[in-house]
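I wanted to look up where open space is left in this structure and what surrounds it. The sequence and model come first, then my entries.

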Amino acid sequence: MTTPLVRMERLSVRYGANTVLDHVDFAIEPGEIVTVVGPNGSGKSTLLRAVIGGITPSAGRVTRGAGLRIGYVPQKLVLDSTLPMTVGRFLSLPRRASDARTRDALDRAGVPGLQARQMAALSGGQFQRVLLARALLVQPDLLILDEATAGLDQPGAAAFYRRIEEVRSETGCAVLMVSHDLHVVMSASDRVICLNGHICCEGTPQVVAEAPVYRALFGEGTQGTLALYQHHHDHDHEAHSHKTPEDAH
Amino acid sequence: MTRAALAGVGTALAAAPLGCFVVWRRMAYFGDATAHAAILGVALSLALSLPVFVGAVIIALVMAAAVTLLTGRGYAMDTLLGVMAHSALAFGLVAVSFLSGVRIDLMAYLFGDILSVSRIDLAVIWGGALVVVALVAWRWSALLTATLNPDLARASGIAPQREQLVLTVALAVVVAVAIKVVGVLLITAMLIIPAATARPFARTPETMAIIATILAMIAAWGGLQASYQFDTPTGPTIVCVVAAMFAVSSLFDGVRRAG
């Protein structure tokens, strides 16, 4: 058993009278892809923030490995239109990155040669990949993605997560992500955590998708998720017959 | 005349780079609140026989701290800042009227009185300007990252609250420095107009800050000359020059976008 990159023990986070996270025990090992799913307001983003160190827990503790390098891809980055910013300059924030490393990071993220472009002129998909490139520049042990595909269409999101899997196998970094694209994300994960203030259930994507709590939380969507998941992994061609053609690619 | 020119250029140097952050972070109202509160600081200084600079910095900091504390307590930011800015100004004006013992030229504090700048004032202006420029240059990358996204900053080991504090302190110093030159009512103009004017010509944050600083310095000098020529109040004349620059820049930007 390796030492986990991050470990949370009985973590609770409260905002006033509102308990967002309640006794969460969680750890992420080097090299694994973990996805956190849960309804809106279930504390997913709070959990990620606690990992980054952006939140002081009300109880419990968060332990980070010594010298842990975190690459963070935020949910949304709104660049004020008054702020001029080239991709190259953005990648050097806050620490200067050499041209060679900048080029390499953009290649890895799947958007080569964008250095001189203005951030504001990028498409949604390019923008998210530039954010990914920036996160990869620190050579992270742990890559954290908070709803990183929120603005992308489904093929765009699927391509983005394929890229994440490739990055993981190239660099060996662990990945912790939150997403609404349940089926796409679950099929790319080693482990899924179903969160609703506390951890409802966790395990392999299949175990979670079949868990009654998960079905209760996601209702109708569950059928589709399960169907497509099986489509990817079991080639069960009957289960997804009610899906739209674009889902069943 | 030389002193006045140096005072104007020094204020421009302090205000313009910081003004870029005020624009990027949409803090224009915050700047207004801090600046308007300074008139209360002026009254306090005169009552206690302190240097005006000291009172203005202290009250500007108190104002900034009050706004930061009250943020997120039920009022929208612009409402809160509107309340604070105008109340501070009103209380400041009333406080000044209580100081019956001293004869005060209120207009000098509201709109500046650059021609009465003393050697000591000049030293304070340039000292303050250098402190602000050094502070902003030192924290530049961290400030930019925190401006983009607080969580992005945290993941890079930057505390966004600390960077906010750096900006607040710098803003308080700029306000105190600029009172003599443009007065409390027009300080925000020297912060945001050069930055907004520089925007169409810049491709990176750094070039925007440099262009804004150069434009602000030219405006300070040009405004001073014009005020001599036309016998107009200097502070407002400087702001008129910078506003004219903004108009030209916007026109240029509009033509370029259309073409």
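How much space lies in the second largest pocket? I find about 400 Å³ there, where a pocket is, on a 1 Å grid over the protein atoms alone, an open set of points where a 1.4 Å probe fits, with protein on both sides within 12 Å along at least five of seven lines. A volume is the space filled by probe spheres set on the points.

I note that this is a predicted model, in which local features need pLDDT of at least 70 and side-chain atom pairs count only at pLDDT 80 or more, while totals for chains, interfaces and linings use all residues. Residues are numbered from 1 along each chain as its sequence is written, chains are lettered from A in the order in which they are written, and side-chain values use heavy atoms, without hydrogens and water.

Second largest pocket: I count 18 lining residues (an atom within 4 Å of a point), and B:Val52, B:Phe53, B:Tyr109, B:Asp121 and B:Lys180 lie nearest the centre. At least two lining residues come from each of α3 (52-70), α5 (106-111), α6 (119-138) and α9 of chain B, the helices being DSSP runs of H or I with at least four residues.

Largest pocket: I read a volume of about 690 Å³. Its lining has 24 residues, with B:Arg25, B:Met27, B:Thr71, B:Met77 and B:Gln164 the closest to the centre.

B:Thr34: I place this residue in helix α2 of chain B, and I call it buried (under 20% relative accessible area, 1.4 Å probe, protein chains only) because its relative accessibility is 1%.

Conventions: Buried < 20%, exposed > 50% of the residue type's maximum accessible area, 1.4 Å probe, protein only.
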